Amino acid sequence: MDKVGIFGAAGMASEAGDVAWALGLEPFYIVYDEVERFKYLHLGNVILESEIYQYEHLPFVIGIGDNSIRKTIAERFFGRLEFMNLIHPSATFGRNQRESLEKCKGTVVAAGTRLTNNIKIGNFVIFNQNSTLAHNCTVEDFVHVAPGANVSGNVHLETGCWLGAGSVVNQGSDVRKLKIGNNTMIGSGAVVVSDCESNAVYAGIPAKRIK
């Protein structure tokens, strides 16, 4: 069985591992130190980051939900490791969208995800379970779309933003996409009806800036 290395060993890493198993790949997990390795031995093969040189010929993904940590690891190993996409077999796509997604690196698409068409997607994005994105969206690098989040058409998710579980982002337009700014977090269950500034936290219905 072919193998794939997954950075991390907590919840998001085990979710990525489930996608790997569904694809017929055997995951192994990369942690920082022996304390973490002992904690997560129940997952199976857990190695230290310092041992990764033994596995450099294999593909990797980053199974860490925190966007900033995912970015740090991606930059640390840029040009040294091959990062693949993990796309669950139950994910569905509109016309030509799967082919477009395959041009990315390090993106994880969990079970039940639906991406329609003409969506531009960056690298190291996480689409968690049962999330949906509609037509003509732009998703930049290191975005995390949490379980059950729903994004309507013509939305621009800038680098590092996070959409909480069950959140809804209403539709923009062909003239001007609705924008979620860099590194901004949208709270679980929030309903976004207008642009959100960068480096902020929004919550509520309709979503308002709270931090």
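Reply: Asparagine 130 sits in the loop that runs between strand S11 (126–127) and strand S12 (132–133), where strands are DSSP runs of E with at least two residues and helices are runs of H or I with at least four, both numbered from the N terminus. The model is predicted, so local features need pLDDT of at least 70 and side-chain atom pairs pLDDT 80 or more, while totals for chains, interfaces and linings use all residues. Residues are numbered from 1 along each chain as its sequence is written, and side-chain values rest on heavy atoms, with hydrogens and water left out.

In asparagine 130 the phi angle is near 60°, which is a positive value in a residue other than glycine. Asparagine 136, in the loop between S12 and strand S13 (138–139), also has a positive phi, near 60°. With a relative accessible area of 19%, asparagine 136 counts as buried (under 20%, whereas exposed means over 50% and partly exposed lies in between, for a 1.4 Å probe and protein chains only). Such values stand out because most residues other than glycine have a negative phi, and most peptide bonds are trans. The peptide bond leading from isoleucine 205 to proline 206 is cis, with omega near -10°, and proline 206 belongs to the loop between strand S22 (201–203) and strand S23 (208–209).

From these loops we can turn to the packing. The largest nonpolar core holds 32 residues, such a core being a set of buried Ala, Val, Leu, Ile, Met, Phe, Trp, Tyr and Cys residues joined through side-chain atoms within 4.5 Å. Its residues with the most contacts inside it are Ile121, Phe127, Leu133, Val139, Leu157 and Ile180, and strand S16 (155–157) and strand S19 (178–180) each give at least two residues to this core. Leaving aside residues up to four places away in sequence, phenylalanine 127 touches a list of partners that includes Thr107, Val109, Leu115, Ile121, Leu133, Val139 and Val145, a contact being heavy atoms within 4.5 Å. Apart from this core lies another, of 17 residues, including Phe7, Ile30, Leu58 and Ile73.

The charged pairs come next. Nine salt bridges are found in the whole structure, each a side-chain nitrogen of Lys or Arg within 4 Å of a carboxyl oxygen of Asp or Glu. In one of them the side chains of lysine 3 and glutamate 26 meet, at 3.0 Å from N to O; lysine 3 lies in strand S1 (residues 3–7) and glutamate 26 in strand S2, so the pair ties together parts that are 23 residues apart in sequence. Lysine 3 is partly exposed at 33% relative accessible area, and glutamate 26 is partly exposed at 27%.

Another salt bridge joins the side chains of glutamate 34 and arginine 37, at 2.8 Å from N to O, and both residues lie in helix H2 (residues 34–39), three residues apart, about one turn of the helix. Glutamate 34 is partly exposed at 47% relative accessibility, whereas arginine 37 is buried at 15%. Arginine 37 also forms a salt bridge with glutamate 51, whose closest N and O atoms are 3.2 Å apart. That pair links distant parts of the chain, 14 residues apart, with glutamate 51 in the loop between strand S3 (46–48) and strand S4 (59–62). Glutamate 51 is partly exposed at 22% relative accessibility, and through shared partners Glu34, Arg37 and Glu51 are joined into one network of salt bridges.
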